[in-house]
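Please read these points with the model open beside you. They are numbered so that you can check them one at a time.

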Amino acid sequence: MIRVENLHLHFGGIRAVDGVSLEIEQGSITGLIGPNGAGKTTLFNVIAGVYPPSEGRVFLQDEDITGLGPHQLFHRGVLRTAHEFSSLTVAENLTTVPAGQAGEELLNAWFRRGRVRAQEAEIRARAADVIHFLGLDEVAGERAGALSGGQKKLLELGRTMMAEPRIVFLDEVGAGVNRTLLRSIGDAILRLNRERGYTFCMIEHDIDFISRLCQPVIVMALARRGQVRPAGDRLLPGARPQTRRRPIMSFLIGDGMTGGYGDADIIRNCTIEAEQGEIAVIVGPNGAGKSTAMKAVFGMVMLRAGAVLLDGEDITRLSPQERVRKGMGFVPQERNVFTTMSVQENLEMGAYIRAGDIADPMARVFDLFPILKERRRQIAGELSGGQRQQVAIGRALMTEPRVLMLDEPTAGVSPVVMDDLFDRILEIRATGIAILMVEQNAAQALSIADRGYVLVTGENRHTDTGAALLADPEVRRSFLGG
Amino acid sequence: MTDVANAIVLLLNFVIVPGVAYGSQLALGALGVTLVFGILRFANFAHGDVMAFGTMVVLLTTWWFQGMGVGIAPLPTALIALPFGIAAAAAFNLTADRLVFRFYRRRKSPPVILLIASIGVMFALQGIVRLIIGPNDQRLADGARFIIKASEFKAATGLKEGLAIKLSQGLTVAVTAIAVAALFLFLQRSRAGKAMRAYSDNEDLALLSGVNPDRVVLYAWLIAATLAAVAGTMYGIDKSFKPFTYFQLLLPTFSSAILGGIGHPVGAVVGAFIVALSETGVTYAYKKFLRYLLPESWEPGGLVQLLSTDYKLAISFVILVVVLLVRPTGIFRGRVLS
C-alpha cells in the first residue's frame, strides 16, 4: 500500500534517515522498532509529509506522494496521529476532524441550514460511535486538556478514526500509558484493523505490545554508528561519598499535602519523602495524582494543607524559582528543553542562576552524558527523544542541586534507552543527590528505588522500600500487572 | 550591451536602491515587533507610533541643535539627536508597560487583550504626538544630499541613465547593518540575550532556570524602543516626518515580521527586504526598462506598471493574507499569531 524507496533525510550534517526502503501491506499492522536515534519518528514525518526527504521516493498505491504536505495526504487517507486541541471538548475534537464540512462556508451556514444541520447530525453520530468504541463516554464533554495521558492517546486514535483513513501512522501510542490502558488501546487497534479494515504502521517501544499486534515487524538500525560508552568508573567526578549519618528527619519532606490546581483537591493528605543519596519513586495508576504530588513538593500546586521541608527548612511558601535557588532541580515531563537553542546553550541556561564559572558542572554533565558533548552545538529540537531527555536532566544538574526531581523521565523512550537512563540516574544518586521521580514503568523504577510510594486517587496507598513493594503481592496484582 | 547596462542602472536607481533603504527601515521596525512578540507574546500595535514619538523627539532636538549652530555636516544633525529620541522612546515604552501592559501581564490575560490594549496605547500616543508637533510634514534631513549624483554617474560611466544614491539611503543601510549586527551578537552571545531567547522559547523552563521575567521584559521594551527610534529617524531622514505615515508603516512592518516568522529575528530582516522590494518592484513603471531590452517594434504602449503607487499599502496587505493562508508560521517557522 505504501512503498518507500531509498529514503534519505539530512539535517545539516546529521543523517536522520539514511537510505530506508520498506513496504507496508494493505490491511497489515506493521510495527517499526529500533533503538533511539534510529530515525523512526523522522521516517514517519517524512512519509506523513512533515519534512520533504533529501532523497528517495514514497508511493501510495503506485501514486508518487513524495513531498506532498500533511493536508494533501490527509485527503488521500494517510494520517499521522497528532495532538488534540486541548481547549476543545472530547466531542468537539472529534467533530472538527472531517474536512470539507458544509458549515465551513458562511453562505452554506446561512442559507442551507437544513443541509448543514443534517451533516452535522451525521458527524455527531459518528463521533458518538467513536467515543463509544473507545470507551470515552464518561469524558465526552470534558475539555481535552483535562484528560489523563492515556485518555489523550485514545482521543488521538479517535481523531484519526473520524477522518476515515486508509492508513494510520501511530507514533508511540503506548508511551506513558499503563498496562491496562495499553491493552485497551491494543484491542481498539486490532478491532479497527479486523472489523473496519484499517491499515496501521506504528512505532512502539513496548515489545509485548508490538508482538501482540504487529505483523510484520520492521527493525531499523542506527542511522549512524552507535555511541560506544566509556568503560570503567563512570561516577561523576567530584562525587563525594556520603559520610553523613542518617538523620532522624528526611532531607526533603512533603508532609500531609492536600491541594490541586483549581477547586478540586487532586492530592489528599499525601506524604512524600526523599533522602540524600537515595532514589524515591512515586508510582500508581493513571490519574492517581503522581505528577501533582511531585509538583506540590516543587511549589507548582496550591496547597490547602501540609508543608514542604528541605533540609529542615520550611519552604512551603516559596515559589518554584526560589526553590531552584535553594538547591532543587526539576525536570518537567514535557517541553523540558529549549528546542531552538543548542545543547550547550541549554546547559548554560540551566546554570543561569550560578554566578561565575560553569565549566565544572558542564564537564560533569558531559561526563555523565558523553553524547551531549559530541552534539553540543546541535539544536536541541533536532535531537532524538532519548537524547533530549539527557539534555533535560543535564540542564537541571547544572545548578548542582541537592534534590533532583524527574517527572516521567523515561516516557516515550525505548527500553534500551530507558535502562541507560536508569543507569545514569543511579550514577547521579551516587553523588549524594536526593532523587525523587514519578514513573510510568513502575516495576523497573521500583527495582532501583530506595523507597517507593504507591498513590491511588491522590492518597498514599502503599509506602515501603522499592524491593518490598515489588515483592508485595497486592501491589503486584493491582499496579504491576501480575 | 550599453542598453543592458542602462536597463540595469535604471532598475538599480528606481527599484533596488530605494527598496533596500526602505527594507532596512522596515527591518528595524519588524525586529522590534518580533522581539516584543517573542517575549511578551502579543502584537504591539503601538510600535509604529513609538517610531513617530522617538522621531519627533529627534526632530525637536535637531531643531535645538540647529538653533545653537551645532552640527556634524555633511552628516545630518539628526544623527547626534538620535540618542535623545531613543531615550524618549524607551521612557515611553517603560511608562506604557508600567501603566497598561503590566496589569494585563500579571493577570495572565490572553494575547488578544494585550493586543487591544496596545491599540489603545497607540491612539493615546497618536494624540500626544499631534499635540506636541502637529500632523504636518516636517523635514528632518540636512547636510549633504548625495553620495553619488546622477549627473556625476552619467559623466563617469557615459551611460544615458544615471544612478543616484542619497546620503540618507547609504546611512540607513549602514546604521541598520550596525544595529542588526549588534542585536544578533547580543542575542547569540550575551547572557542576557540568551536569557531572552530562552524565555521566548519556553517561558516555564526559563523561569525554572532562574531567568528573571521582569528583567527580560525590560530588555525587550528597551531594545524595541531603540529599534523604533532608529527606524523612525532613518525613515524621516530618507523621506520626511509625518505622524500619519508612521502609523501607516505598521502594516508593512507587521507583514515583514509575520512573513519572516514572528518571534524570529532573522525572519524579520528577511521579511522586511522581501516586502520592501515587492513594494518598489510592483509599483515601478517598467516601460523605459523594457525599451532598453526589447526590440523597438515590441515597445510597450502602456507604462507597464503592475500597480499604481497609490496601492503600495495593498502589497503588504496581500503578502500578509497570503502568508497567513499558505504558511502561517512564516518563512522561518515562527509562532502562529493567535
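1. Start at Pro74(B), which sits in the loop between α2 and α3 (78-106) of chain B. The peptide bond leading from Ala73(B) into Pro74(B) is cis, and its omega is near 5 degrees. Most peptide bonds are trans. Helices (DSSP runs of H or I, at least four residues) and strands (runs of E, at least two) are numbered from the N terminus.

2. The model is predicted: local features need pLDDT of at least 70 and side-chain atom pairs pLDDT 80 or more, while totals for chains, interfaces and linings use all residues. Residues are numbered from 1 along each chain as its sequence is written, and chains are lettered from A and ligands numbered from 1 in the order in which they are written.

3. What does the secondary structure of each chain come to? Chain A has 18 helices and 19 strands, whereas chain B has 14 helices and two strands. Of the 482 residues in chain A, 46% are buried; for the 338 residues of chain B the share is 46%. Buried stands for 20 or more other C-beta atoms within 10 Å of a residue's own, exposed for 12 or fewer, and partly exposed for anything in between, with C-beta atoms placed from the backbone.

4. Among contacts in chain A between residues at least 6 apart in sequence, 71% join residues at least 24 apart. In chain B, counted among contacts between residues at least 6 apart, 76% join residues at least 24 apart.

5. Where do the chains meet? In all, 17 residues of chain A are in contact with 13 residues of chain B. On the chain A side, α10 (320-325) and α11 (343-350) are the elements that give two or more residues.

6. Look next at the sheet in chain A that contains β12. Six strands form an open sheet in the order β15-β16-β17-β12-β18-β19, and its pairing is mixed. A pair needs at least two DSSP bridges between two strands. The edge strands of chain A, β15 and β19 (459-464), each pair on one side only. Neighbouring strands are turned by 15 degrees against each other on average, with direction ignored.

7. Within that sheet, β12 (residues 279-283) of chain A has parallel partners. Four bridges join β12(A) to β17 (residues 434-438) of chain A, in parallel, and here Val281(A) stands opposite Met437(A). Another four bridges join β12(A) to β18 (residues 451-456) of chain A, again in parallel, and Val283(A) stands opposite Val454(A).

8. Helix α15 (residues 415-430) of chain A lies across β12, β16 and β17, and runs at about 150 degrees to β17(A). Axes are lines fitted to C-alpha atoms, for helices over the stretch in contact, and angles run from 0 to 180 degrees between N-to-C directions.

9. In chain B, helix α2 (residues 47-68) packs with helix α9 (residues 213-238) at an angle of about 65 degrees, with the axes 7 Å apart. That makes α2(B) roughly perpendicular to α9(B), a term for angles of 65 to 115 degrees. Among the contact residues are His47(B), Val50(B) and Met51(B) of α2(B), and Ala224(B), Ala225(B) and Gly236(B) of α9(B).

10. Two residues of chain A deserve a check of their backbone. Asp62(A) has a positive phi of about 70 degrees although it is not a glycine. This residue is in the loop between β4 (55-60) and β5 (63-64) of chain A, and Asp62(A) is exposed, with 6 other C-beta atoms within 10 Å. Arg335(A), also not a glycine, has a positive phi near 45 degrees. Arg335(A) lies in the loop between β15 (328-331) and α11 of chain A, and counts as partly exposed, with 13 C-beta neighbours inside 10 Å.

Notes:
Two residues are in contact if their C-beta atoms, placed from the backbone, lie within 7 Å. Angles under 35 degrees count as roughly parallel, over 145 as roughly antiparallel, 65 to 115 as roughly perpendicular and the rest as oblique.
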